[in-house]
Amino acid sequence: MDLSRFEEMKRYVGFTDEDLRLLRGHAASVRPHFPAVVDDFYARILASPPLRSLIADEAQVMRLKQTLARWLEEVFSADFGEAHLALRKRIGRMHVRIGLAPSFVIAAMDVIRRHLATALASGNASIDARMALQKALDL
């Protein structure tokens, strides 16, 4: 996917500068939840035989946890421009390279989505902020 298609996707879902502002405004309140998101995410992977088979060792799990923590941070701080897209593409290519079924990617995003939505709700985020998160994760 190139940047022009990504920009079209943002228009399609209605992702705006206001969404960026809302996400950035909630970064500090959501950030303390990131370790629990990361731990649950990888606990589920390690408990699933088909997914566990894609992990080489504990060192890889630690690296992947760090990558997910950075990814979560970017959901609430990135500009959703070219650098953001490049990282997403690199992650997507890795998923293809290791043979990760798209259905697991969708299921994994649901795990993340529920955690982050709960974190936003616990901070009494507006419906607009919650919708900004949904659009960001869909992108």
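Start by selecting Phe76 in this predicted model, where a relative accessibility of 2% places Phe76 among the buried residues. The rings of Phe34 and Phe76 form a tilted aromatic pair, with 6.1 Å from centre to centre and 35 degrees between the planes. Because Phe34 belongs to helix H3 (residues 34–47) while Phe76 sits in the loop between H5 and H6, this pair ties together parts that are 42 residues apart in sequence.

Next, select Phe80, which is buried with a relative accessibility of 1%, and then Phe15, which is buried as well, at a relative accessible area of 9%. How many aromatic pairs are there by the rule used here? The count comes to 3 aromatic pairs, and one of them joins Phe15 and Phe80 in a tilted arrangement, 4.6 Å centre to centre with 45 degrees between the planes. Phe15 lies in the loop between helix H1 (3–13) and helix H2 (17–30), and Phe80 in the loop between helix H5 (58–75) and H6, so the pair links parts that are 65 residues apart in sequence.

For the last stop, turn to the surface and select Arg70, Lys89, Arg90 and Arg93, which gather there in a patch of positive charge.

Methods: Residues are numbered from 1 along each chain as its sequence is written. This is a predicted model: local features need pLDDT of at least 70, side-chain atom pairs count only at pLDDT 80 or more; totals for chains, interfaces and linings use all residues. Side-chain values use heavy atoms; hydrogens and water are left out. Patches are made of residues with over 30% relative accessible area and no salt bridge: like charges are joined within 9 Å, nonpolar side chains (Val, Leu, Ile, Met, Phe, Trp, Tyr) within 5 Å. Accessible areas come from the Shrake-Rupley method with a 1.4 Å probe; for residues, only the protein chains shown count as cover. A salt bridge is a side-chain nitrogen of Lys or Arg within 4 Å of a carboxyl oxygen of Asp or Glu. Lys and Arg count as positive and Asp and Glu as negative; His and the chain ends are not counted. The place of a charge is taken as NZ of Lys, CZ of Arg, CG of Asp or CD of Glu. Rings of Phe, Tyr and Trp (its six-membered ring) pair if their centres lie within 6.5 Å; planes under 30 degrees apart count as stacked, over 60 as edge-to-face and the rest as tilted. Helices (H or I, at least four residues) and strands (E, at least two) are DSSP runs, numbered from the N terminus. Buried means under 20% relative accessible area, exposed over 50%, partly exposed in between (1.4 Å probe, protein chains only).
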